[in-house]
Amino acid sequence: MSEWWTYGLSDFLMFSPRVYDRLIAATNAALWPAQIGTTVLGLVAAVLIVAPWRGGARTVLPVLGGLWVVVAWTFLWERYATINWGILYAAPAFALQGILLIVAGLARMVELREPRDAASVAAAALLVAIVLGWPLLAPLDSRGFATAESFGLLPDPTALGTLAILAALRGAPRFVLAIVPIAWALVAAATLYTLGSWTWVLVPGATTLAVALALIRPRAPSSRRW
């Protein structure tokens with residue numbers, strides 16, 4: 001019997017790149033044209049981050065939480081879990097993350113930073129890059145648009161987009177809300193790496209940038225309410 005240290009990540013992969021691509025393509029076909037709606041929601045969230053609008057977090061986080069629940073059920077539980085038993089644990093975590101986001105938004109546990117805060121602008125730009133750019137990675141990786149991964153419907157861009165949004169918030173609970181997205185980012189990077197996709201490097205890159213922005217000390221809010 002081989003020693004445990006002789007194994008690599010690829011030895012634990014339970015499916016091939018072709019099977020994973022078919023899974024995403026089937027999800028996209030079943031949910032079309034929801035991709036358009038979730039993309040619009042992501043762009044609206046980016047606008048709310050940089051625009052002086054009162055109660056922005058109370059709108060963004062509950063909607064974002066709903067998207068996490070959608071991903072937990074429609075992709076992770078109904079599809080991904082059929083080829084990867086570990087997702088049976090990830091799906092409830094996604095659902096819990098969705099509930100926490102909804103509660104944090106409605107209970108006003110966190111608020112958006114000042115709209116002209118440099119970190120807010122950078123976080124909004126990162127969110128736009130993820131929402132618009134992540135679906136383009138599929139054809140750039142020679143996989144075709146059928147396997148494009150959209151924010152709000154597939155886990156990788158949803159987790160990374162959430163980290164970008166959390167980076168634009170102030171309040172200690174935002175760090176608790178970042179635990180599941182960061183954990184998934186680690187899983188996503190490892191999965192893409194073992195699948196032989198160069199896009200895996202973008203996952204830790206986007207995660208690191210979002211965390212760095214979140215650690216920037218928020219500017220004290222102005223007297224003007226927004």
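These are my notebook entries on a predicted model.

**Ground rules**

I number residues from 1 along each chain as its sequence is written. Since this is a predicted model, local features need pLDDT of at least 70, side-chain atom pairs count only at pLDDT 80 or more, totals for chains, interfaces and linings use all residues, and side-chain values use heavy atoms, with hydrogens and water left out.

**Entry 1: the layout**

I started with the elements and found ten helices and two strands. Both kinds are DSSP runs numbered from the N terminus: helices are H or I with at least four residues, strands are E with at least two. Read from the N terminus, the order is α-α-α-α-β-α-α-α-β-α-α-α. Of the 226 residues, 48% count as buried. For me, buried means under 20% relative accessible area, exposed means over 50%, and partly exposed is in between (1.4 Å probe, protein chains only).

**Entry 2: salt bridges**

Side chains of opposite charge can pair when their charged atoms come close. I searched the whole structure and got five salt bridges (a side-chain nitrogen of Lys or Arg within 4 Å of a carboxyl oxygen of Asp or Glu).

The Asp 141 to Arg 143 bridge comes out at 3.3 Å, N to O. Asp 141 counts as buried, at 17% relative accessibility. Between Asp 21 and Arg 143 the N to O distance is 3.6 Å. Asp 21 sits in helix H1 (residues 17-31) and Arg 143 in the loop between helix H6 (137-140) and helix H7 (155-167), so this pair ties together parts 122 residues apart in sequence.

I also looked at Glu 78 and Arg 79, whose closest N and O atoms are 3.8 Å apart in a salt bridge. Glu 78 is partly exposed at 41% relative accessibility, whereas Arg 79 is buried at 19%.

**Entry 3: cavities**

Rolling a probe the size of a water molecule over the atoms shows where empty space is left. I count as a cavity a set of points, on a 1 Å grid over the protein atoms alone, where a 1.4 Å probe fits but cannot get out; lining residues have an atom within 4 Å of a point. Points are joined across faces, edges and corners, and a volume is the space filled by probe spheres set on them.

How many cavities of 30 Å³ or more are there? The search gives two. The largest is about 60 Å³, and its lining includes Trp 134, Arg 143, Glu 149 and Thr 199.

**Entry 4: a surface patch and one serine**

I found a nonpolar patch on the surface made of Leu 136, Leu 140, Phe 145, Tyr 193, Trp 198, Trp 200, Val 201 and Leu 202, with about 800 Å² of accessible area together. Patch residues have over 30% relative accessible area and no salt bridge; like charges are joined within 9 Å, nonpolar side chains (Val, Leu, Ile, Met, Phe, Trp, Tyr) within 5 Å. The areas come from the Shrake-Rupley method with a 1.4 Å probe, and for residues only the protein chains shown count as cover. Trp 198 lies in the loop between helix H9 (179-194) and helix H10 (202-215) and is partly exposed at 40%.

Last, I checked Ser 150, in the loop between H6 and H7. Ser 150 is buried, with a relative accessible area of 7%.

Conventions:
On a 1 Å grid over the protein atoms alone, a cavity is a set of points where a 1.4 Å probe fits but cannot get out, and a pocket is an open set with protein on both sides within 12 Å along at least five of seven lines; lining residues have an atom within 4 Å of a point.
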